[in-house]
Amino acid sequence: MYHGIINVYKEAGYTSHDVVAKLRGICKQKKIGHTGTLDPDAVGVLPVCLGSGTKVCDLLTDRKKEYIARFRLGCVTDTQDISGQILEENTVTVASGEVKQAITSFEGESMQVPPMYSALKINGKKLYELARQGKEVERPARPINIYRLEIMEEEHPEYTIRVVCSKGTYIRTLCHDIGQKLGCGAVMVSLKRTNVGEFDIKDAYKLSELQKLADEERLSEAVCPVDKLFEDLLEIIVKEDGFKALSNGNPLKETDICIKGNDKNRKPEDREQFRVYNHQHIFFGIYRYEAERRLLLPVKLFFME
């Protein structure tokens, strides 16, 4: 069984669930989960977690994401992208300077109302299922943060933008909201996710490439180890005497561990988190130091029994 994360390049026409289903066949294992859904027409980075790596699905979902999106002014659809049913077609009278001003005004923290065509649940029902029945329900606005928003290409009335944003941001809705602010409407024409946290599009594998690696028994080359996600944390080695406590997921004493590297002689700080490995340098998980008890307590464990 594989344990870790594969940086998949999701191609157009596949749902995120399609990618997971195909990877189950390629990897020949069931324990697989994706992080952050991409619409079927969208392409780009879709980190897929395998085995014990599924424990970081929520962590990856929380990472910053980067998108390249293209939208067209003068059109509104029910899905907020070009695949939907057209609701409005308007003459675009705004100048490009007004468009640029409207686009950049969405940078920073704001509240966004999620689209009806989304997998969010209201009262236990997915919004897109209600939308397909012709129903529209009230959706509470959610806080989002757009860290960076820039225009990459201008072919008025179409614009290509680069967006770096927080989790929960709908780029379709951002394009729609820009159009609403300008009074002419807008629809997203294309979307590419270029980055999720540590995973970049330049390193992503298409499903056909992963199948080829599997056929050549080289699939492990595409699997990123889980501990790579925590390289900002100091590394701790648990001595052989402390292995039993570690293997059972129990707290560790100060005498059980040593900090690796240039900081090996210093004491852990209160609430500080560490990457923890056994004496054979096998990654076990993340521990947090509690100064009052002088113990390291498990935060998230990844070892397999």
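The largest pocket is lined by 33 residues, and Thr-37, Asp-39, Ala-119, Tyr-170 and Arg-172 are those nearest its centre. A pocket is here an open set of points on a 1 Å grid over the protein atoms alone, with protein on both sides within 12 Å along at least five of seven lines; a lining residue has an atom within 4 Å of a point. The space in the largest pocket amounts to about 1,000 Å³, the volume being that filled by probe spheres set on the points, with grid points joined across faces, edges and corners. At least two lining residues come from each of helix H1 (16-27), strand E4 (65-73), helix H4 (127-132), helix H5 (171-182) and strand E12 (186-196).

The model is predicted, with local features requiring pLDDT of at least 70 and side-chain atom pairs counted only at pLDDT 80 or more, whereas totals for chains, interfaces and linings use all residues. Residues are numbered from 1 along each chain as its sequence is written, and side-chain values use heavy atoms, with hydrogens and water left out.

The protein has seven helices and 20 strands, assigned as DSSP runs (helices H or I, at least four residues; strands E, at least two) and numbered from the N terminus. Along the principal axes, the C-alpha atoms fill a box of roughly 75 × 45 × 40 Å. Of the 305 residues, 48% are buried (under 20% relative accessible area, with exposed over 50% and partly exposed in between; 1.4 Å probe, protein chains only). Among contacts (heavy atoms within 4.5 Å) with a separation of 6 or more, 64% are between residues 24 or more positions apart. The accessible surface is about 15,900 Å², and carbon and sulfur atoms account for 46% of this area; areas were computed by the Shrake-Rupley method with a 1.4 Å probe. The protein carries 45 positive and 46 negative charges, whose mean positions lie 5 Å apart. Lys and Arg count as positive and Asp and Glu as negative, without His and the chain ends, and each charge is placed at NZ of Lys, CZ of Arg, CG of Asp or CD of Glu.

Arg-139 is located in the loop between H4 and strand E10 (142-155). Its relative accessibility is 15%, so Arg-139 counts as buried. Beyond residues up to four places away in sequence, Arg-139 touches Val-113, Pro-114, Pro-115, Met-116 and Leu-127. Val-92 is 47 residues from Arg-139 along the chain, with a C-alpha separation of 29 Å.

Glu-107 occupies the loop between helix H3 (96-104) and strand E7 (108-112). With a relative accessible area of 40%, Glu-107 is partly exposed. Apart from neighbours within four places in sequence, Glu-107 is in contact with Ile-146, Tyr-147, Arg-148 and Leu-149. The C-alpha atoms of Glu-107 and Glu-150 are 9.0 Å apart, at a sequence separation of 43 residues.

Backbone geometry was also examined. The peptide bond joining His-156 and Pro-157 is cis, with omega about 15°, and Pro-157 lies in the loop between E10 and strand E11 (158-165). Gln-80, although not a glycine, has a positive phi of about 70°. Gln-80 sits in the loop between strand E5 (75-77) and strand E6 (86-89) and counts as buried because its relative accessibility is 10%. Arg-271, likewise not a glycine, has a positive phi of about 70°, and is placed in the loop between strand E17 (257-259) and strand E18 (273-277).

Methods
1 Å grid on protein atoms, 1.4 Å probe; cavity = no way out; pocket = protein on both sides within 12 Å on 5 of 7 lines; lining within 4 Å.
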